[in-house]
Amino acid sequence: MTILVTGSAGFIGANFVLDWLSEHDEPVVSLDKLTYAGNRQNLGSLVNDQRHLFVQGDIGDSDLVTELLSTHKPRAVLNFAAESHVDRSIHGPEDFIQTNIVGTFRLLEAVRTHWSQLGETEKAQFRFLHVSTDEVYGSLGPTDPAFSEQNKYEPNSPYSASKAASDHLVRAYHHTYGLPVLTTNCSNNYGPYHFPEKLIPLIIHNALVGKPLPIYGDGQQIRDWLYVKDHCCAIRRVLEAGELGETYNVGGWNEKANIDVVHTLCDILDEEQPRTDGRTYRDQIAFVKDRPGHDRRYAIDATRLERELGWKPAETFETGIRKTVRWYLSNQDWVTNVTSGAYREWVGKQYA
Ligand code: NAD
Ligand code: TYD
């Protein structure tokens, strides 16, 4: 048996593939377009691993996907491929529409055709798992209950709107064609291989190179943070035992205001790698112009996943964030590689 993983050279996809192959011998075919966010180095430890095949390509390339499905006959397709950064979606939504909506549609079509030709047993065992986000639910007020699977979709950014559209397509392919789908909606992830355009790795990187630590608006926006390996574990569990056509919210009950996250990062860095001038990294904090349409609060109610599938996160925010800082401190070569070229152009445009 084999699984096909899309977006496997990105942050969560790479963690998923690495964890999968450290726990299973079931082979993985990886499909990734290698956009600015995808990096072969993330899967570098698998270069000579016979269980892993990397293919560079687009989920929207129907011929390529069809060929991969007929050649490798995966028992499951896990779709991590996406444009994923809210700020980039504000500067340029087109790529988000192309990959997250059109790409997911083309992938679903190729998978549906393949699946419909399978024998009855393989058909029943097949799964299409779509990895999505809590951002499709919109923004919460300070005292609202956390998002459950029953919340209505109210996406506010081009990113979350494009993810919402992809979730609806996945749902419709189950309802209309019977495709055996599963969807996960997870809160903000953090951990190894996180591209330093997102808050946590950006702050660690800027702190270490002596640059300002940009906080949008008043820094009181709340995100619900989950260590990436706990997300990967939840996806494995949903793949194994999730009810077809259903969605599962994934989160670790870790709501934090952005300013508190940044303070925590500065304090850990002060301990692990103090500034040479003896001052605290907190001195680098700079409040900057807010993101347009910035969602105030996200929070996930993961009760369903915990109760029905027995999943629980292994890390608290305190343990996960320290592991993350240590990973970045020990992997400065990786940071140097991914922060060259196009990354600098992005930083110049966003933080000018
Ligand atoms: P990422 O941006 O780090 O990685 C995305 C990967 O997809 C990259 O390797 C990129 O090259 C690839 N890709 C982009 N367009 C493609 C295409 N057309 N065809 C094939 N590959 C393509 O993103 P991530 O943070 O790893 O997120 C993975 C998935 O998880 C996304 O669907 C995202 O919406 C979802 N998600 C992310 C978070 C988070 O906090 N990062 C939280 C919840 C859900
Ligand atoms: P981000 O990591 O981009 O994830 P998302 O927007 O998908 O939640 O941002 C997390 C939070 O941090 C969000 O409220 C925006 C904020 N933020 C900053 O304050 N400064 C920054 O430089 C970045 C990138 C994000």
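Predicted model: local features only at pLDDT ≥ 70, side-chain atom pairs only at ≥ 80, totals over all residues.

1. Helix H1, residues 11–23, and helix H8, residues 228–241, have axes that come within 9 Å of each other and cross at roughly 65°. H1 and H8 are therefore to be described as roughly perpendicular to each other, and the handedness of their crossing is right-handed.

2. The second pair consists of H7 and helix H9, the latter spanning residues 258–272, and here the axes come within 10 Å and cross at roughly 40°. With that angle, H7 and H9 are therefore oblique to each other; as H7 passes H9, the crossing is right-handed.

3. Turning to the ligands, which residues come closest to ligand 1? Ligand 1 is surrounded by 28 residues, and the closest of these are Ile-12, Asp-32, Ser-84, Tyr-159 and Lys-163. By class, the shell around ligand 1 holds 12 nonpolar, 12 polar and 4 charged residues.

4. Backbone atoms approach ligand 1 at several places: a backbone N or O atom of Ile-12 lies 2.7 Å from an oxygen atom of the ligand, a backbone N or O atom of Thr-35 lies 3.0 Å from an oxygen atom of ligand 1, and for a backbone N or O atom of Phe-80 the corresponding distance to an oxygen atom of ligand 1 is 3.2 Å. Taken alone, ligand 1 exposes 840 Å², of which the protein buries 97%.

5. As to secondary structure, H1, strand E5 (127–133) and helix H6 (158–177) each supply at least two residues of the shell around ligand 1, and E5 gives the most, with 3 residues.

6. Ligand 2 has 19 residues around it, of which Glu-135, Arg-223, Arg-291, His-294 and Tyr-351 come nearest. The shell around ligand 2 divides into 8 nonpolar, 5 polar and 6 charged residues.

7. Side chains and backbone both take part in the polar approaches to ligand 2. A polar side-chain atom of Arg-291 lies 2.5 Å from an oxygen atom of ligand 2, a polar side-chain atom of Tyr-351 lies 2.6 Å from an oxygen atom of ligand 2, and a polar backbone atom of Leu-199 is 2.9 Å from an oxygen atom of the ligand. The area that ligand 2 exposes when taken alone is 510 Å², and the protein buries 98% of that.

8. Helix H3 (86–91), helix H7 (199–209) and strand E8 (213–216) each supply at least two residues of the shell around ligand 2, where the largest share, 3 residues, comes from E8.

Conventions: Residues numbered from 1 in each chain as written. Chains lettered and ligands numbered in written order. Heavy atoms only, no water. Near = heavy atom within 4 Å. Polar contact = N/O pair within 3.5 Å; in protein donor to acceptor, adjacent residues only side chain to side chain. Areas by Shrake-Rupley, 256 points an atom, 1.4 Å probe, with all protein chains shown as cover. Helix = DSSP H or I, 4+ residues; strand = E, 2+ residues; numbered from the N terminus. Nonpolar A, V, L, I, M, F, W, Y, C, P; charged D, E, K, R; others polar. Axes fitted to C-alpha atoms, helices over the stretch in contact; angles between N-to-C directions. Parallel < 35°, antiparallel > 145°, perpendicular 65-115°, else oblique. Left-handed = near helix turned anticlockwise from the far one by under 90°.
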